[in-house]
Amino acid sequence: MKQVVQNYKSGELALLDVPEPGCKPGGVLVRSAFSLISTGTELMKVSEAGMSMVGKARSRPDQVAKVVQSVAANGVPATYRKVMGKLDSYTPLGYSLCGVVEQVGAGVDDVKAGDLVACAGNEHALHAELNWVPKNLYAPVPDGLAPRHAAFGTVGSIALQGVRQGESRLGEVALVVGLGLIGQLVVQLLTASGVRVVGADPDPARCELAERLGAAACGDPGSAAVEGAVAELTGGHGVDQVYLAAGGGSNQPVELAARLSRDRGRVVDIGKCRLDLPWNAYYEKELDVRFSRSYGPGRYDPAYELEGRDYPIGYVRWTERRNLACFLDLAARGRVDVEPLISHVAGFDDAVETYRSLKDGELKAVAVLFEYPGRPGAAAGARAPAVTVPAVVRPGGARPAAARAVRSPVRLAFVGAGNYASSMLLPHLAQREGVELSTVVTTTALSAANAQRKFGFGRATTDLDAVLGDDAVDAVFVVTRHSSHAELTRRALLAGKTVFVEKPLALDEDELAGVLAAVEESGNDRIQVGFNRRFAPLLQEAGKRFGVRTGPASLRYLVNAGRLDHGSWYLRQGTEGSRFAGEGGHFVDTASWLLGADPVSVYAVATPGDEDLQVVLRYPDGSTATISYVTTGASGFPKETLDLVADGKVLRLDDFVRASVHSRKRWVSSRLPKARDKGQSAELAAFVRAVRTGGPMPVPLESLVATTAATLAVRTALAAGAPVTLARPR
């Protein structure tokens, strides 16, 4: 299928062939009929992509701060790969469309194939021939509403949410600053509510359009006409509300709002304009400044948008989806008229030229629609206590069928191609001789196409079954979100594939048992979990310098994990597990490798809210490892420091940048000048070698299971307030 994309690094726009998305549970697959270009938001994004790197940095200081933090934590090369990988990728455009339901996912019962729906979301209502849309981001189109008008649903919801934030009342007077697409809709919604409206915009054509659509008067923001109209309509008191629907870098809108508002009036920011509030003016009138967050309650909440959890109507009357349905109803009943806003309808095949014309100013438009070729009129068809470490059971003790040498090159498939895969795994594999990147599978079509373009995959798809059933694929990499690791690993094992799964292997004991049941059923134990730190060259060298240990050891591992950004999927403990369950296996595995054994007990304590954890592991010979996993430390302090003490010797590792061993002879490594090598390259080399030769996997399955069980036992130990024995099965 085709999709409109933009390369943020170069600014290139393209109509790209990408894989068709699959229909996942909790949503519907929609074939687009019309999609709407937001001439404000989208053109701002298109223009920003055309800036120099310095210009991009100035426009997004929040992202620059993240880059600085990443350099401190991961080093310059890793950060550079990550940043350039994101910049040099195609990103989608679009967020408002109307189309026909082609396929219905499990758990959806309010629409059926063939129904017309309006869709929202900058990840789901894209300028693409097909989109998968979750339940709370679509609404059925009322009878009689034309599809081209229903395509305005998302921007209509944005305008409607802004009006709701203003709490307008019958008979009041409002000022709308900015008469672009959103501003024109705000004018109509206010007028339909019995509010008299004054509009302000420097474009006379837009002012004239707003007056035709119900505004009492409109004019240039700097003209006396606007102030005169406000004075006449309000008896000199000033407007009750000001709606800022303008963009750009001028501070004129907020200054105008202060000047023309009544005492204790409300100022609602809907657009993205400069907000340097003149303090005296806002203080003296005690103006109420409010922000309108996109389509309404539910926006940016993954539980609402992705998991379909609605808010009870008694507590949240107007959600994203209810706003969408409300706007469609208003349009269907003629209370809002979007037809006069349509300046141009372009064929979807002309999408790139249309954006160019808008950007260059050749096409002057309030709203532009894409019409899709052969747009459908009907559906096209369905398409504390003791914890037992699970035993690894292999039928008859036979060598697994998957343990065989393979032809060269080794053919690899990736399930998932997000930031970690694209910055830390694929760059190493793409450069390795004897490796062929066969297929990449992702849930979103564009991410698969990006990975194919950047790393040379032979094929990009959204169909996992096609990969698992492909005999030409020798090994499958599972690099998806944590909640899917165990199930994808289980399916790949049953399909006879060698599996590299990023940590964690499982998020709970049942998931771990399911993976091991697949090993038992298939006889396939060819698994590697992405515990890469044991392969780090600096740690390997320090271990050799430390030498053979004769007595018990004490190990201390400080992990300065830091706080996560708001909205990070790592915070979704209900679906993705705790943060320690997700990445704690790294540190358990490193400790166990250094101590040469698997732990026999786990004890854990935490500060309130489980922000900081202290995990104590005990080993068979009496050795102990204490992992301090903290989120409240200084961001400038190294992320990982480790000390191993035994037999009169001390091994010290400083964040994979420097290491030392103190004994009779002191050894200190030279400081790595550029990178923190945490072992990914060496780990991947060992994995590919095992696949090619059919030899043993880099880490025995028993060790992977023991590390996973110990990581999961932390939760049990916290609940019990006592050590948890990791009992070995007999």
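The structure is a predicted model, with a mean pLDDT of 90 over the chain. Among the features to look at are a right-handed crossing of α6 and α7, a stacked pair formed by Phe477 and Phe500, and a cis peptide bond between Lys503 and Pro504.

- Across the chain, 89% of the residues reach a pLDDT of 70 or more.
- Residues 377-383 are a stretch where pLDDT stays under 50. The model still has 15 contacts beyond four places in sequence for residues 377-383.
- Residues 397-402 are another stretch with pLDDT under 50, and here the model has 12 contacts beyond four places in sequence.

**Helices α6 and α7**

- Two packed helices are described by the angle between their axes and by the distance between those axes.
- Helix α6 covers residues 153-166 and helix α7 covers residues 181-192. Their axes lie 9 Å apart, at an angle of about 55 degrees.
- With that angle, α6 is oblique to α7, and the crossing is right-handed.
- On the α6 side, the contact uses Val155, Gly156, Ile158, Ala159, Leu160 and Val163. Their partners in α7 are Leu181, Ile182, Leu185, Val186, Leu189 and Leu190.
- Sorted by class, the contact of α6 with α7 has 11 nonpolar residues, 1 polar residue and no charged residues.

**Helices α22 and α24**

- Helix α22 (residues 579-595) and helix α24 (residues 701-720) have axes that come within 9 Å and cross at roughly 125 degrees.
- That angle makes α22 oblique to α24, and their crossing is right-handed.
- From α22, the residues in contact are Phe580, Ala581, Gly584, Gly585, Val588 and Asp589. From α24 they are Ser703, Thr707, Ala710, Thr711 and Val714.
- By class, the contact of α22 with α24 has 5 nonpolar, 5 polar and 1 charged residues.

**Helices α18 and α19**

- Helix α18 (residues 485-494) packs with α19 at an angle of about 0 degrees, and the axes are 9 Å apart.
- Angles under 35 degrees count as roughly parallel, so α18 is roughly parallel to α19.
- Ala486, Thr489, Arg490, Leu493 and Leu494 of α18 meet Glu511, Gly514, Val515, Ala518, Val519, Glu521 and Ser522 of α19.
- The contact of α18 with α19 has 6 nonpolar, 3 polar and 3 charged residues by class.

**An aromatic pair to look up**

- The structure holds 13 aromatic pairs, and one of them joins Phe477 and Phe500.
- The ring centres of Phe477 and Phe500 are 4.7 Å apart and their planes are at 20 degrees, so this pair is stacked.
- Phe477 sits in strand β21 (residues 475-478) and Phe500 in strand β22 (residues 498-501), so the pair ties together parts 23 residues apart in sequence.

**Backbone details in loops**

- Lys503 and Pro504 are joined by a cis peptide bond, with omega at about 0 degrees. You will find Pro504 in the loop between β22 and α19.
- Ser294 has a phi near 55 degrees, which is a positive value in a residue other than glycine. Its place is the loop between β14 (288-291) and α12 (302-305).

Methods. Residues numbered from 1 in each chain as written. Predicted model: local features only at pLDDT ≥ 70, side-chain atom pairs only at ≥ 80, totals over all residues. Heavy atoms only, no water. Axes fitted to C-alpha atoms, helices over the stretch in contact; angles between N-to-C directions. Helix = DSSP H or I, 4+ residues; strand = E, 2+ residues; numbered from the N terminus. Parallel < 35°, antiparallel > 145°, perpendicular 65-115°, else oblique. Left-handed = near helix turned anticlockwise from the far one by under 90°. Contact = heavy atoms within 4.5 Å. Nonpolar A, V, L, I, M, F, W, Y, C, P; charged D, E, K, R; others polar. pLDDT = per-residue confidence, 0-100. Phe/Tyr/Trp six-rings, centres within 6.5 Å; stacked < 30°, edge-to-face > 60°.
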